Amino acid sequence: MAAHSAVLSVSRIINPIWGRHLGNTVKVFGTTLTSHRNKTLHVPPPAKYGGRHTVTLIPGDGIGPELLSHVVEVFRFSCVPVDFEVVHVNSALEAEDDIDNAITAIRRNGVALKGNIETKHTMPPSMKSRNNLLRTSLDLYANVMHCQSLPGVQTRHRNIDIMIIRENTEGEYSSLEHESVSGVVECLKIITRSNSLRIAEYAFQLAREKGRRRVTAVHKANIMKLGDGLFLQCCREVASGYPDITFDSMIVDNTTMQLVSKPQQFDVMVMPNLYGNVVSNVCAGLVGGPGLVPGANYGRDYAVFETATRNTGKSVAGKNIANPTAMLLASCMMLDHLKLYNYANLIRNAVLTTMNETRLHTADLGGQGTTSEVVQSIMRIIQSKGQLTADI
Amino acid sequence: PAGALRSTPSSTPGTTRGMVQDPTQFDVLVMPNLYGDILSDLCAGLIGGLGVTPSGNIGANGVAIFESVHGTAPDIAGLDLANPTALLLSGVMMLRHMGLHQYAAKIQTACFDTIKEKKVLTKDLGGNSKCSEFTTEICRRVQDLA
């Protein structure tokens with residue numbers, strides 16, 4: 001107990017925002033807390049040696065491998081001090097060795113960048129989704145997605161700026177189904193008080209940190225009175241501790257209707273797993289599509305970055321037409337997480353300049369650029385900034 | 001003909017995204033309860049909202065209840081301001097269900113033409129006509145179509 005409060009007081013000095021909650025586990029986003037001296041918390045040390053970070057890279061399926069190779073290319077070109085440990089996961093195998101190796105690698109390095117691992121419908125139901133296994137094993141409880149309208153992208157609605165925080169480990173994705181009577185399947189949706197409090201806490205903390213004014217909880221508590229009712233109750237409890245932030249709630253079907261007619265009304269949204277999946281896809285569609293939005297999965301000790309809408313993009317794989325924006329922006333989020341802010345901003349600005357000023361767009365945005373042309377343009381802009389770069 | 005039908009399974013999130021980006025790619029969608037709840041409201045938002053969205057609940061042996069999906073709107077009840085389109089089109093669905101296709105087609109055409117012409121519209125559609133005026137206009141068109 002004494003050691004615990006010593007860590008809390010250390011964290012309060014280092015980072016006043018995170019240290020404010022007594023009795024909660026100290027929140028660590030990846031490797032930010034410096035208390036590796038305190039062994040009782042078992043915070044893994046950062047995978048950093050000689051000033052270079054090691055990050056796990058999981059290529060995944062579909063467009064994952066090619067997009068991640070572009071990330072590696074841009075990083076190498078910009079002399080980013082990150083080395084990638086590549087771990088392949090074969091989605092066609094039933095054995096869990098591959099995904100276990102990937103999870104171990106992420107535990108070792110603390111941070112990962114991944115493409116989506118395909119979950120084939122043809123595999124037996126006992127075979128769990130690899131992506132889901134990864135998220136639950138590492139307890140990456142918060143999925144964060146920031147949807148912003150980009151000036152260079154034509155969309156029906158403008159001025160969208162929504163942060164979506166989705167509970168990432170339970171809910172409808174608990175993979176608990178049974179068929180006690182043939183032809184009658186029961187599927188369990190799990191909502192726990194602790195996970196709901198945790199995600200609500202995360203949402204409000206993030207809202208405060210980013211200076212956002214309003215948090216909206218999305219639910220269906222009128223039908224799922226106990227499940228979503230509990231979630232909503234937990235959100236309300238947490239909200240009472242943040243009087244500076246407005247809290248309201250909205251039923252999920254009304255939410256989707258509001259999103260497609262007046263998306264500007266939303267600020268920060270927090271919700272259980274399935275609604276998060278639906279709402280994030282709607283928002284991704286609103287700002288221009290799956291090729292644009294990066295996503296991050298945060299846990300207490302680990303962070304995994306990927307595209308927000310998690311699709312394998314099989315139909316566009318291998319044709320050099322996929323949009324590299326989402327994956328590149330995800331890699332910038334990762335650099336921010338590693339505190340390599342200069343590199344993050346350098347690459348991010350180059351990506352956004354290509355998108356908004358040069359307006360070199362791939363096919364999904366109605367343009368004619370190939371993936372490699374867009375990446376080349378990004379690297380040219382990086383080079384023009386005068387920082388140290390390798391040869392193209 | 002049944003042979004011309006094509007069915008494609010599509011995940012809910014992919015569908016919602018596709019719906020936002022290009023809803024014209026979809027024709028008929030069938031799904032379980034919760035997804036239907038979400039998607040039907042999403043689509044209602046795409047076509048102009050709850051004031052214009054009809055629905056029907058079909059059971060066995062032809063038993064069916066047709067209803068608009070909007071609520072009771074107590075704030076405008078009794079003031080001759082409401083948009084009757086949703087309930088009217090639900091009525092049209094009912095007529096089709098009963099096999100009264102000609103009547104259904106006539107009323108639907110009259111209703112759509114009235115909205116298209118934009119001269120007599122209720123407040124939620126951007127006009128300032130009363131509910132009764134809107135209805136009278138539709139009735140006039142129905143008579144002209146007879």
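These legends accompany several close-up views of a predicted model.

**View 1. Chain A as a whole.**
Chain A has 392 residues, and 55% of them count as buried. Looking at contacts in chain A with a separation of 6 or more, 74% are between residues 24 or more positions apart.

**View 2. Where chain A meets chain B.**
Here we turn to the interface. On one side there are 23 residues of chain A, in contact with 17 residues of chain B on the other. Putting the two chains together buries about 1500 Å² between them, and carbon and sulfur atoms give 71% of this buried area.

A:Lys220 and B:Asp37 form a salt bridge, and their closest N and O atoms are 2.5 Å apart. As for polar contacts, 4 residue pairs are counted between chain A and chain B, with both residues at pLDDT 80 or more.

**View 3. The helices of chain A that touch chain B.**
Stay on the chain A side for this one. Helix 7, spanning 252-261, and helix 8, spanning 273-287, each supply at least two residues of the side of chain A that touches chain B. Of the two, which helix gives the most to that side? Helix 8 of chain A does, with 9 residues. Sorted by type, the residues on the side of chain A that touches chain B comprise 11 nonpolar, 10 polar and 2 charged.

Our last stop is a single residue and its surroundings. A:Cys187 lies in strand 8 of chain A, which covers residues 184-187. Is A:Cys187 buried or partly exposed? A:Cys187 has a relative accessible area of 46%, so this residue is partly exposed. Leaving out residues up to four places away in sequence, A:Cys187 touches A:Leu176 and A:Glu177. For a further reference point, take A:Pro125: A:Cys187 and A:Pro125 are 62 residues apart in sequence, and their C-alpha atoms are 13 Å apart in space.

Note on methods
Residues numbered from 1 in each chain as written. Chains lettered and ligands numbered in written order. Predicted model: local features only at pLDDT ≥ 70, side-chain atom pairs only at ≥ 80, totals over all residues. Heavy atoms only, no water. Contact = heavy atoms within 4.5 Å. Buried area = accessible area lost by both parts, 1.4 Å probe. Salt bridge = Lys/Arg side-chain N within 4 Å of Asp/Glu carboxyl O. Polar contact = N/O pair within 3.5 Å; in protein donor to acceptor, adjacent residues only side chain to side chain. Helix = DSSP H or I, 4+ residues; strand = E, 2+ residues; numbered from the N terminus. Nonpolar A, V, L, I, M, F, W, Y, C, P; charged D, E, K, R; others polar. Buried < 20%, exposed > 50% of the residue type's maximum accessible area, 1.4 Å probe, protein only.
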